[in-house]
Amino acid sequence: MSGKEMMLGSAKEAVSYNADTFMLYTGAPQNTKRKDISELNIAPAWEYMRTHGIKDFVVHAPYIINLANSVNAPTYEIAVEFLALEIERTIAMGSHILILHPGSHVGAGVKAGIDQIVRGLNEVLTDTTNCCIALETMAGKGSEIGRSFEELASIYDRVTHSDKLRVCMDTCHLNDAGYDIVNDFDGVVDRFDQLIGKEQIALFHINDSKNVRGAMKDRHANIGNGTIGTEPLRYIVHHPLFLHLPKILETPYIPDPNDPNKEIPPYKEEIALLR
């Protein structure tokens, strides 16, 4: 979102790609600077969305929120405070899904990181929270939490209002974390179902990967230009269990054929390819 159009501008951009859903950030993902809710242009955005057949969208929390940080108390406190505000903004904008990277333990260890994530989620979620936090599956780079279904399950198990939790499946991250979504996506889903429940999957990030399975690097590639490939991703997009769920592209911008110094979004072409 940017300029005066804000959410309306996001909706227009999505429609320009022939998308029927989209993901937005309520402000720059690397900082906490945000406009007031009254300036987000919410009502005109929804009017435009209804006119163009978009019934829902999802919000992604900024990357700077790190609930897993038990090393730096101020960083953790800012994360909790800002996450609470992002929940408020998500609800005000009319979305029911706020995607969150679980966080990084920054050297304190997985257990300490998970303990801190649970503590933070228990601070911000109540029985009346009118949206869900979708914990994203992570690639496993550095000290990331959420590289395995077991880690996500351990968060679920200890969050008081776990009914307000969901999971965002990222295909690049799953691949880089070691899950074989190319040859055995159904087996991966079965494993997730045993630990958490497939009904907890709220959406997918559909990305190819520049790395081999298990690399734990998290480098997205354009559809068909990575180690996952077009057909496995198309299989996931059209999987009968998940047809009703949003699928969001986070693939890299590509060179503009008319201007080598400019990059352009690939989403219209990639949506058509996957459809």
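Buried means under 20% relative accessible area, exposed over 50%, and partly exposed in between, using a 1.4 Å probe and protein chains only. With that in hand, Asp 193 is partly exposed, because its relative accessibility is 29%. This is a predicted model, in which local features need pLDDT of at least 70, side-chain atom pairs count only at pLDDT 80 or more, and totals for chains, interfaces and linings use all residues. Residues are numbered from 1 along each chain as its sequence is written, and side-chain values use heavy atoms, with hydrogens and water left out.

**Nonpolar cores**

- A nonpolar core is a set of buried Ala, Val, Leu, Ile, Met, Phe, Trp, Tyr and Cys residues joined through side-chain atoms within 4.5 Å; the largest one here has 73 residues, and Leu 83, Leu 121 and Ile 133 have the most contacts inside it.
- Helix H3 (residues 73–93) gives this core its largest share, seven residues; helices (H or I, at least four residues) and strands (E, at least two) are DSSP runs numbered from the N terminus.
- Beyond its neighbours within four places in sequence, Leu 83 is in contact (heavy atoms within 4.5 Å) with Ile 65, Leu 67, Leu 98, Leu 100, Leu 121, Val 124 and Ile 133.
- A second, separate core has eleven residues, among them Tyr 25, Cys 132, Ala 134 and Leu 203.

**Aromatic pairs**

- Rings of Phe, Tyr and Trp (its six-membered ring) pair if their centres lie within 6.5 Å, and planes under 30 degrees apart count as stacked, over 60 as edge-to-face and the rest as tilted; the count comes to eleven aromatic pairs.
- Phe 185 and Phe 242 are edge-to-face, because their planes stand at 75°, with the ring centres 6.4 Å apart.
- This pair links distant parts of the chain, 57 residues apart: Phe 185 lies in helix H7 (residues 185–195) and Phe 242 in the loop between helix H8 (230–237) and strand E9 (247–249).
- Phe 185 is buried at 4% relative accessible area, and Phe 242 is buried at 2%.
- One aromatic cluster is formed by Phe 185, Phe 204, Tyr 235 and Phe 242.

**Salt bridges**

- A salt bridge is a side-chain nitrogen of Lys or Arg within 4 Å of a carboxyl oxygen of Asp or Glu, and the whole structure has 13 of them.
- Arg 191 and Glu 150 form one, with their closest N and O atoms 2.6 Å apart; Arg 191 is in helix H7 and Glu 150 in helix H5 (residues 149–156), 41 residues apart.
- Glu 144 meets Lys 141 at 2.6 Å, N to O; Glu 144 is buried at 5%, whereas Lys 141 is partly exposed at 34%.
- Asp 193 bridges to Lys 198 at 3.5 Å between the closest N and O atoms, and Lys 198 is partly exposed at 31%.
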